[in-house]
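Hi everyone, thanks for coming. Let me put the structure up on the screen, and then we'll walk through how its parts pack.

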Amino acid sequence: MAPVLRTTPPGHDVILYDGHCRLCGGAARQLQRLLGGTGTRLRSFREDGVLASFPGVTADRCERALQLVLPDGAVVEGLEAIVLALGRRPLGRLLRVYYVPGLRQLLDALYRVVARHRFRIAGRQCPDGACVVHFK
């Protein structure tokens with residue numbers, strides 16, 4: 001794991017996801033169930049004030065990939081963020097297969113494609129017509 005960024009340490013894991021994306025919201029709910037009582041907090045980066053708590057973590061970064069802010073402020077994104085968050089759970093060691101050379105690159109590429117087209121795949125759930133900004 002090579003954090004690309006450091007931000008304000010929250011003291012616990014925080015997962016930032018896109019609350020306007022149906023696919024992301026469903027994945028966040030599933031992650032919350034799988035993480036159980038680990039203390040990990042899931043927040044939509046679109047909620048007022050959320051990104052202000054994590055300087056350097058921009059809306060643009062969050063648009064491209066899920067962000068995991070670790071307790072010490074290190075930030076990991078995308079599929080690796082999911083692997084790290086779940087890796088501390090029972091059976092989470094099985095996720096280490098992600099780090100197999102070649103497989104990681106393939107899975108990351110697939111993640112980027114799904115992330116880029118997530119609104120076409122699953123639709124939007126935006127308040128007050130805010131989804132107009134997602135037509136790219």
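Let's begin with a question: which residues does Leu 42 touch, not counting residues up to four places away in sequence? They are Ile 15, Tyr 17, Ala 28, Leu 31, Gln 32 and Leu 35, where contact means heavy atoms within 4.5 Å.

A word on the source: this is a predicted model, where local features need pLDDT of at least 70 and side-chain atom pairs count only at pLDDT 80 or more, while totals for chains, interfaces and linings use all residues. Residues are numbered from 1 along each chain as its sequence is written, and side-chain values use heavy atoms, with hydrogens and water left out.

Back to Leu 42, one of the residues with the most contacts inside the largest nonpolar core, which has 21 residues. By nonpolar core I mean buried Ala, Val, Leu, Ile, Met, Phe, Trp, Tyr and Cys residues joined through side-chain atoms within 4.5 Å; buried is under 20% relative accessible area, exposed over 50%, partly exposed in between, with a 1.4 Å probe and protein chains only. Another core, of 11 residues, lies apart from it and includes Val 14 and Val 75.

Now the aromatics: the structure holds 1 aromatic pair (ring centres within 6.5 Å; planes under 30 degrees apart are stacked, over 60 edge-to-face, the rest tilted, for Phe, Tyr and the six-membered ring of Trp). The rings of Tyr 98 and Tyr 99 have centres 5.0 Å apart and planes at 80 degrees, so this pair is edge-to-face. Tyr 98 is buried, at 3% relative accessible area, whereas Tyr 99 is partly exposed, at 31%.
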